[in-house]
Amino acid sequence: MEKLLPPDGVAAAFPTDLACRDRMASVLWPDGPVCERCGETSVGYLQSRRTYHCRVCRYQFTVLTGTLLRSSKLSPLLWFQAAEEYVRWRARHGSHDFGIQALAEIMGVAYPTGYRIRRILADDFSPEGPRFLARCICVADGNQRSSND
């Protein structure tokens, strides 16, 4: 999976939260936003709140709704960087998981936050996981699931 990362790194490919959110939206909805509640494609976007709204059922949602990141207070940019670190760590160390303290220090967060980040990344990158972050950061083959990971 490391070979699918952006050549200059995730921070260069997705330098802002907006770029990360745009990438998440393109991975979630390749043909445009779809209402999480009713499946309708007549969806608007509230720029000031970074929220989508369904014009049919009036449901409001974001790119994080329905994903492992749904209740996260961390920025999408931080999640992309954490996912890149996780992929690079696993490429170097095989099945040995990323140390929580090391991840917390690299990401500049407290230990409990590092624990939560690692748990979510491990769930996302597991063979049976949704691989949402994996698909977001792997630009060479962004929408395919790989059985070799």
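Trp29 and Tyr52 are both buried, a term for under 20% relative accessible area, with exposed meaning over 50% and partly exposed the range in between (1.4 Å probe, protein chains only). The model is a predicted one, in which local features need pLDDT of at least 70 and side-chain atom pairs count only at pLDDT 80 or more, while totals for chains, interfaces and linings use all residues. Residues are numbered from 1 along each chain as its sequence is written, and side-chain values use heavy atoms, with hydrogens and water left out.

**Aromatic pairs**

- Rings of Phe, Tyr and Trp (its six-membered ring) are counted as a pair if their centres lie within 6.5 Å; planes under 30 degrees apart are stacked, over 60 edge-to-face, and the rest tilted.
- By this rule there are seven aromatic pairs.
- In one of them, the ring centres of Trp29 and Tyr52 are 5.1 Å apart and the planes stand at 75°, so this pair is edge-to-face.
- Trp29 belongs to the loop between α2 and β1 and Tyr52 to strand β2, so the pair ties together parts 23 residues apart in sequence.
- Trp29 also pairs with Phe61: the centres are 5.9 Å apart and the planes are at 75°, so this pair is edge-to-face as well.
- This second pair links distant parts of the chain, since Phe61 lies in strand β3, 32 residues from Trp29.
- Phe61, like Trp29, is buried.
- One aromatic cluster is formed by Trp29, Tyr45, Tyr52, Tyr59 and Phe61.

**Strands and hairpins**

- Helices (H or I, at least four residues) and strands (E, at least two) are DSSP runs numbered from the N terminus, and two strands pair if DSSP finds at least two bridges between them.
- An open sheet contains three strands in the order β1-β2-β3, paired in antiparallel fashion.
- Its edge strands, each pairing on one side only, are β1 (43-46) and β3 (60-61).
- Strands β1 and β2 are joined by four bridges, and Val43 has Cys54 in β2 as its bridge partner.
- Strands β2 and β3 are antiparallel over two bridges; Tyr52 has Phe61 in β3 as its bridge partner.
- The hairpin of β1 and β2 has four residues between the strands, and Arg50 there takes a positive phi near 55°.
- The hairpin of β2 and β3 has five residues between its strands, and Arg58 in the turn has a positive phi of about 65°.
- Arg50 is partly exposed, with a relative accessibility of 42%, and touches Arg21, Tyr45 and Thr62, not counting residues up to four places away in sequence; contact means heavy atoms within 4.5 Å.

**Cysteines**

- No disulfide is found in a search of the whole structure, a disulfide being a pair of cysteine sulfur atoms within 2.5 Å.
- For Cys54, which is in no disulfide, the nearest cysteine sulfur is that of Cys38, 3.6 Å away.
- Cys54 is buried, with a relative accessible area of 2%.
- Cys57 is likewise in no disulfide, and the nearest cysteine sulfur, that of Cys35, is 3.6 Å away.
- Cys57 is partly exposed, with a relative accessible area of 27%.

**Nonpolar core**

- A nonpolar core is a set of buried Ala, Val, Leu, Ile, Met, Phe, Trp, Tyr and Cys residues joined through side-chain atoms within 4.5 Å.
- The largest such core has 40 residues, and those with the most contacts inside it are Met24, Leu69, Phe80, Leu121, Phe125, Leu133 and Ile137.
- At least two core residues come from each of α2 (17-28), β2 (51-54), α3, α4 (100-107), α5 (111-125) and α6 (132-137).
- Helix α3 supplies the largest share, nine residues.
- Residues touched by Phe125 include Met1, Ala83, Val87, Leu133 and Ile137, with those up to four places away in sequence not counted.

**Salt bridge**

- One salt bridge is found in the whole structure, defined as a side-chain nitrogen of Lys or Arg within 4 Å of a carboxyl oxygen of Asp or Glu.
- The partners are Glu84 and Arg88, with the closest N and O atoms 3.0 Å apart.
- Both residues lie in helix α3 (residues 76-93), four residues apart, about one turn of the helix.
- Glu84 is buried at 11% relative accessible area, whereas Arg88 is partly exposed at 24%.
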